[in-house]
Amino acid sequence: MQIFSIGDVTRYIKHILDRDRTLNSIYVRGEISNFKRHYSGHCYFTLKDSDATIKAVMFRSRSQFLKYEPRDGMKVVVGGTVTVFERDGQYQLYADQMVPEGVGELSLAYEQLKEKLTAEGLFEEMRKRPIPVLPRAVGIITSPTGAAVRDIITVAKRRHPGIALVLFPVQVQGGEAPGQIVDALQAFNLYGQVDVLIVGRGGGSLEELWAFNDERVVRAIAASQIPVISAVGHETDFTLADFAADRRAATPSQAAEIVVPDIYELRRYIQTLESLMGTHMQAIVKEKRRKVMECRQSAALQRPMNLLADKQQQVDLLRQRLIQTMEQQLTAKNHSFSIQAEKLALLNPLAVLARGFSITRTSEGQIVRDASQISSEQELEILLAQGVVYARVCSTKEA
């Protein structure tokens, strides 16, 4: 029989719970009781319903992002992990998220979808497309009767009376709104001759703006080949459409200001550039004229023959210097040659023979330097200054 320690049993149970996928990412609905916020920032509380209770803790790294102060009796939905606290030997919930029930359910859905799409890279900055500076036409996806479309048209026409605006009317809240917004985005990408899209509506509650948190709408915005500006009139909070769009505008009016260039400002800018260009060109021409006058007054153009005479004199001096150098080098080489020739003559073996010496060699051509090299009756060859003598050895005598 195997006997376990309490620590072994507790760790074994913890190991089992930690491997459970459901418990590793779980959302629990309940009522808060015994809520305490420790001076460290950690929050300790109990979640209960009519059937059971569970201890819970939310560490400061998570609790610091709560937008409200939890209180006893508050009904909430808590997301986190269930595992064992080994010291007390009891399981508890480690909370990562906590939202009030009701509106909190929408917030929870928002956070879950945001986390999912962020993990897919849908909100990456590198996917953002630049907004065209001078669009030929602007597509608008919004309600045809709302204040948003009026604001966009008013601002756009004030900034650029000739800009082409193409409206695709859709519902911006309610169950049919997400599908209509997606259809409009796809239609513009297939057929619309526009350079940029504005998608949005005026302000409203979280429920009224929920169409712009719909996954279908967010994915359609991210997939658009035409740059998209999200213009949901809700300045303080962001919709998921804001994250997926290439640019966010706090209001529809601001979206029109971003997209539509102010032609009057452009004209003033062009006039400024023209003035700067004229001034710059005048400065360049003035500088070129100054350089031309300097060239015309230079010695090379005023008295070119004098310049040529100076060069000819320099050539004559260089030629004379070259001749002198060559003569000096030739004299030195002749002197060196004479010395080397005298040395060579002294070393010439024929000169030695001319003084009465001879060279004795054996029949094999070996020069005889010592009497011990030869023997009696051996034939030798004696080389003189004039001619060769062939001899036979009668006898030898060593020195």
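In this predicted model, the axes of helix α6 (residues 177-191) and helix α7 (residues 215-223) come within 8 Å and cross at roughly 15°, where axes are lines fitted to C-alpha atoms, for helices over the stretch in contact, and angles run from 0 to 180 degrees between N-to-C directions. Helix α6 is therefore roughly parallel to α7, a description that applies to angles under 35 degrees. The crossing in which α6 passes α7 is left-handed, that is, the near helix is turned anticlockwise from the far one by less than a right angle. Pro178, Gly179, Ile181, Val182 and Leu185 of α6 meet Arg216, Val217, Ala220 and Ile221 of α7, contact being defined as heavy atoms within 4.5 Å. Helices are DSSP runs (H or I, at least four residues), numbered from the N terminus.

A second pair consists of helix α5 (residues 147-159) and helix α9 (residues 252-259), whose axes come within 8 Å and cross at roughly 30°. These helices are therefore also roughly parallel to each other, and their crossing is right-handed, with the near helix turned clockwise. On the α5 side the contact involves Ala148, Asp151, Ile152, Val155, Ala156, Arg158 and Arg159, while α9 contributes Pro252, Ser253, Ala256 and Glu257.

Residues are numbered from 1 along each chain as its sequence is written. Because the model is predicted, local features need pLDDT of at least 70 and side-chain atom pairs count only at pLDDT 80 or more, whereas totals for chains, interfaces and linings use all residues, and side-chain values use heavy atoms, with hydrogens and water left out.

Key: Helix = DSSP H or I, 4+ residues; strand = E, 2+ residues; numbered from the N terminus. Parallel < 35°, antiparallel > 145°, perpendicular 65-115°, else oblique.
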